[in-house]
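I opened this entry to keep a record of what I looked up in the structure.

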Amino acid sequence: MSMLALEQLVAGYGPIRVVHNLSLTVGEGEVVALLGRNGAGKTTTLKAALGMVRVSSGRVLYRSRDVTRLATHRRAMLGMGYVPDDRRIFPELTVRENLEVAIKRGSKNGRGWTSERIYQLMPWLKEIQRRRGGFLSGGEQQMLTIARTMMGNPEVLLLDEPTEGLAPHFVRLVSDLVKELKSSGTAVLLAEQNLRFITPLADRVYVLESGELRLEGTMAAMAEKQEVRALLAL
Amino acid sequence: MTGLASAASLFLLAVGLSLIFGALGIVNFAHGSFFALGAYFLFALTRGDAAGFWHYLPVAVAASLVVGAVVERVFMRRVLNRAEHYQILLTYALLLIIEDVSKICFGADYKSIGMPKGFEMPVFVLGIPFPSYYLGLVGLAAAAALLLWLFLHRTRYGTLVRAVAQDREMLEALGVNVPLLFTVIFALGIGLAGFGGAVSLPLQSISTGVAVDAVISAFIVVVVGGLGSIWGTLLGAILIGEIQAFGALVLPEFSIAFTYVLMAAVLLFRPWGLLGRPPAVRT
């Protein structure tokens, strides 16, 4: 069963349509990369999947359930998590409070992510747990954003360009986190332009250009295609 | 003492305004009307008899909370994402409507109530008698401030209230029912105003026109103290309360002017208020 499926999705802002007839699926425990240059429609696709951008036609299915008209917070409660590309931590809240905000009701059943488990994975985050979010470095903020979304125990994680502007050290940490999530069975839809970052992580790839799907296939098949490099302007 | 009592009343009035603006971004011109409404509710419930004060105070506050929730659901929700002038027009219309409805329901005459049970006798400070309820009012306001602070900083729901002011879209993406959160915050702000109006009734008679005076005072307090800061609102209320009390003693004809001079000075030198924070820059 696919965890997330977009069917013939048309989405955009007001009268402007950014994504045209896009269909894709993400299976259980699968890491699927959504590749494309800036402006290709990656962020709009992720936001439309979560209901943060208006869908004018097509459907969003979560575990085969049509959630196209469902409010964003309800989709999140069902198990969809979103990590935006512009970080968006709560700058006035402490690191610990940023994590606590994402705890969902009924998720305290001993399973899943807790702040203690997050701190085990990222011990340095515990050391700064009383610091305000606004005082963290870009890399720390990025890790906090991912950790915060993990606190909600998502079954599908929409990850928007997590390595953008990050130092190599943090890129490695993000990569390790994605592997950890994958091994725990979380499905990940990863929007990226960084081919080197996704190559060891992704199972399958979709390549977008101007809001339309140009190519799709397994990571292994796509990595060798010159066409992919051309679409990413590499 | 008079200044402290009026500071307590001003704090309860203004803190809800600050809370609502901080979280929802709504400038609530009708806030003074809800202060007046709390007082009217208590007066109507007790039929003007101070014997029922403590008994009916929770009922008056509960009624204010319900009014706040209904007003948010029916009216505020429609202007949340619209330009500020829609919000101002709507809340100003509410001020006028509540004023006229109050006049129809409760009459236009002055209403007051005696000192509540336990506070009938005066206290003497430096040999001067003061109503002991001055202390009662200060205690009630201090308790409300403490409880509100504990709620905002020690409970998860309080953390959500602080977070929603910073990024409501992200909070929704994390699974928080933001429309419900807005209703709770608005109701809480209105409940605090209603509580303020009700507990001020023994010291301050109420009639039409109180709402406008109250909202102006609330804005001054919030501007001086800093929008969105509880301690700022408390400091603003104490400063304004004391300035008005001392002004009335020393230079009665200029007492109102002192308040505005303070506000102008704060706006010139610290436009975000004494304890407010300058607008945060997102990194």
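This is a predicted model: local features need pLDDT of at least 70, side-chain atom pairs count only at pLDDT 80 or more; totals for chains, interfaces and linings use all residues.

**Four-stranded sheet, chain A.** I began with the open sheet of four strands, whose order I read as β2-β1-β4-β5 of chain A, with antiparallel pairing. At its edges I found β2 (16–27) and β5 (65–66) of chain A, and because each has a single partner strand, one side of each is left without a neighbour in the sheet. I then followed β1 (residues 2–13) of chain A, which runs antiparallel to β4 (residues 54–62) of chain A and is joined to it by seven bridges; in β4(A), Val55(A) is the bridge partner of Ala11(A). Across β1, β2 and β4 of chain A lies helix α1 (residues 42–50) of chain A, for which I noted an angle of about 115 degrees to β1(A).

**Six-stranded sheet, chain A.** Next I turned to the open sheet of six strands, where pairing is mixed and the order is β6-β7-β8-β3-β9-β10 of chain A. Its edge strands are β6 (80–83) and β10 (212–218) of chain A, each of which pairs on one side only, and the twist from one strand to the next averages 15 degrees. Between β9 (residues 204–209) of chain A and β10(A) I found six bridges in the antiparallel sense, with Arg204(A) opposite Thr218(A) in β10(A). Two helices that pack on this sheet went into my notes: α6 (residues 138–150) of chain A touches β6 and β7 (156–160) of chain A, making about 170 degrees with β6(A), while α7 (residues 168–183) of chain A touches β3 (31–35), β7 and β8 (187–192) of chain A, making about 150 degrees with β8(A).

**Core.** The largest nonpolar core has 155 residues, and among the members that touch the most others I listed Val156(A), Leu189(A), Phe11(B) and Ala198(B). Helix α1 (residues 2–24) of chain B gives the most to this core, with 14 residues. For Ala198(B) I looked up the contacts beyond four places in sequence, which include Gly38(B), Phe41(B), Leu57(B) and Val61(B).

**Chain B helix and interface.** I checked α3 (residues 53–79) of chain B, whose 27 residues reach 37 Å from first C-alpha to last, close to the 39 Å expected, and noted a kink of about 45 degrees centred on Glu72(B). Finally, I found 20 residues of chain B in contact with 22 residues of chain A; on the chain B side, α6(B) gives the most, with six residues.

Definitions and conventions:
Residues are numbered from 1 along each chain as its sequence is written. Chains are lettered from A and ligands numbered from 1 in the order in which they are written. A nonpolar core is a set of buried Ala, Val, Leu, Ile, Met, Phe, Trp, Tyr and Cys residues joined through C-beta atoms within 7 Å. A residue is buried if 20 or more other C-beta atoms lie within 10 Å of its own, exposed if 12 or fewer, and partly exposed in between; C-beta atoms are placed from the backbone. Two residues are in contact if their C-beta atoms, placed from the backbone, lie within 7 Å. Two strands pair if DSSP finds at least two bridges between them. Axes are lines fitted to C-alpha atoms, for helices over the stretch in contact, and angles run from 0 to 180 degrees between N-to-C directions. The expected span of a helix is 1.5 Å times one less than its number of residues. The bend at a residue is the angle between axes fitted to the seven residues ending there and the seven starting there.
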